[in-house]
Amino acid sequence: MSVSKVVLRFCRCYSSGSRVRVRFAPSPTGLLHLGGLRTALYNFLFAHSKKGVFILRIEDTDQSRLVPGATQQLIDDLEWAGVHPDEGPTSGGDHGPYFQSERIHIYREEVEKLIKRNAAYYCFCTENRLELLRKDALRNRKVPKYDNHCRHLSSDEVKAKLASGLSKCVRFKLVPSEPYTDIVYGRINHDVHDIEGDPIILKTDGWPTYHLANVVDDHMMDISHVIRGVEWMPSTNKHLMIYKAFGYEPPMFGHIPLLLNSDGTKFSKRQGDLSIKALRQEGILPRALVNFVLQAGSGFDAQVNNTSSMEDLISSFQIDKISTNSCRLPFTKLPDFNRSELARRVSDPNYLKQLVTEVQTLVADKFGETNDADVVVPDETYVSTVLHWCLPRITKLSDLVSDNLKFLWVMPKASSLSDIDPGLLEALEMKLEKSSFDQKSLVSSMKSLASEQQISYKNLMHILRKVLSGLETGPGVAEMMMVFRKDLSLERIRRAKMLIAPTENPQKARE
Ligand SMILES: [Zn+2]
């Protein structure tokens, strides 16, 4: 189907004056993953780009698979990402309750309507009979399906079975399906009537299946557009049949393509390190993650950048620009997105203060236990200088306390200074006391010191690096001194002098 047709159909929908209402409806059976976040984002952006309403509904009808704490984690993760529901468990609203488990009475009443309309029926088949059907089909190399046996029970038979208290479920009567127009995929007809047996809509335990619950809730919550993963597309014709059986006007459907790993393999919920919770703990920032997830896909009329704000994303989102191509996530680029966002925050005075506090906490947590005299006091000015200087070297804040940047917070150990000539340190101290502390002056001072001491400049730099950082290799020495400023540079040189001076060593003094 052409884009113009999609747009046309869309305009028709809006001109009716009905407000856009969309929902994100996750099951609290585990952690929110990138795929779920992307679905939530598309719904959120679409709602906001049309001045509509974004609803969070918790689909917790599969009680056996519920994970304790998962709902709260899900709500926290969405809030963290900036995806605030207008209606939902914590936001409230006129269309609640927003937990399906609190809507059981509604599904049971609705199922009665379908039975009265002869669109659904009780099924009394035992698990044993269904198992025999499955085995029989497999033996005959057919796809197992329910044979619609109970569809044909007479009303007297049904009455008798109900009266005898037999275990029962309710099944929906499939009919030949009609094609529909998907916002993303165009014209779709998946005729389940030929392929599948009548599906269960109310289970023997009285709880609804997804097919029933999502149709009933979407209708009762006035959902105008269902935007969900393409894995639901084979069920949509079935859902449209249920709408029709109820006599309800269906919403429009848009299915979004699969999210794939960068190597093209299917994205799996089992990739635990790709949960939003894990990525948050890893130090990934919300704006970085949101842009990373969205940039790998489609749906925007202009290229968004690595640090686009939610407002930018809302204003450039165009649902008819979502393509049917599967979306590969280039995970190797995620650190770049995070670095860009970190840089944006460092350059924003409002964020910088908060970052400084976070770094101070990181330093205290990591090095607070070591000998106090060895740890630098990370005052605000120093941390701020470090943050600016380190930006090209880090992708997340915790990198600042990693082994290769530890020297910023912890003074060198005596063992790394043992082979240094104390006389040279004396001369170094005197030279630096007199030198201006800009990069050019420092280089010139060090060059003149090297010639006075009759050692090579390269050798002097090597010694100075060890004195300042304890490192054999690493960042430029003048650069390091700029970060340490005059006071901390001199402090480290004086401390090195003290650590290696023979008279300061009581053991040696006695000899
Ligand atoms: Zn049956």
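Reader: What makes residues 1–16 stand out in pLDDT?

Author: The model is a predicted one, in which local features need pLDDT of at least 70 and side-chain atom pairs count only at pLDDT 80 or more, while totals for chains, interfaces and linings use all residues. Residues are numbered from 1 along each chain as its sequence is written. pLDDT is the predictor's confidence in each residue, from 0 to 100. Over residues 1–16 the score stays under 50. The model has 11 contacts for this stretch beyond four places in sequence, a contact being a pair of residues whose C-beta atoms, placed from the backbone, lie within 7 Å. For the chain, the average pLDDT is 90, and 92% of the residues score at least 70.

Reader: How do you know which strands pair with strand 4?

Author: Helices (H or I, at least four residues) and strands (E, at least two) are DSSP runs, numbered from the N terminus. Two strands pair if DSSP finds at least two bridges between them. Strand 3 (residues 120–123) and strand 4 (residues 169–172) are joined by 4 bridges and run antiparallel; Y121 has R171 as its bridge partner in strand 4. Strand 4 and strand 7 (residues 200–202) are joined by 2 bridges, also in the antiparallel sense; here V170 has L202 as its partner in strand 7.

Reader: What makes strand 3 and strand 7 edge strands?

Author: The open sheet consists of 3 strands in the order 3-4-7, with antiparallel pairing. Strand 3 and strand 7 are its edge strands, since each pairs on one side only. From one strand to the next, the twist averages 45°. Helix 4 (residues 104–116) packs on this sheet and touches strand 3, strand 4 and strand 7. The direction of helix 4 makes about 105° with that of strand 3; axes are lines fitted to C-alpha atoms, for helices over the stretch in contact, and angles run from 0 to 180 degrees between N-to-C directions.

Reader: Why does E109 count as exposed?

Author: E109 also has its place in helix 4. With 10 C-beta neighbours inside 10 Å, E109 falls under the limit of 12 or fewer and therefore counts as exposed.

Reader: Why is helix 5 said to lie largely in the open?

Author: Of the 13 residues of helix 5 (residues 127–139), the number buried is 0, so the helix lies largely in the open. From its first C-alpha to its last, helix 5 reaches 18 Å, close to the expected 18 Å; the expected span is 1.5 Å times one less than the number of residues. Helix 5 is followed by R141, whose phi is positive, near 55°.

Reader: Why is strand 8 described as largely enclosed?

Author: Strand 8 (residues 225–229) has 5 residues, of which 4 are buried, so the rest of the structure largely encloses it. Strand 8 pairs with strand 9 (residues 252–256) in the parallel sense over 5 bridges, and H225 stands opposite M252 in strand 9.

Reader: What makes the unit of strand 8, helix 9 and strand 9 right-handed?

Author: A crossover is right-handed if, with the strands pointing away from the viewer, the path from the first strand over the helix to the second runs clockwise. Strand 8, helix 9 (residues 233–246) and strand 9 make a right-handed β-α-β unit.

Reader: Why is D222 called partly exposed?

Author: D222 lies in the loop between helix 8 (210–220) and strand 8. Its 14 C-beta neighbours inside 10 Å fall between the two limits, so D222 counts as partly exposed. Phi of D222 is near 55°, a positive value in a residue other than glycine.

Key: Buried ≥ 20, exposed ≤ 12 C-beta atoms within 10 Å, placed from the backbone. Contact = placed C-beta atoms within 7 Å.
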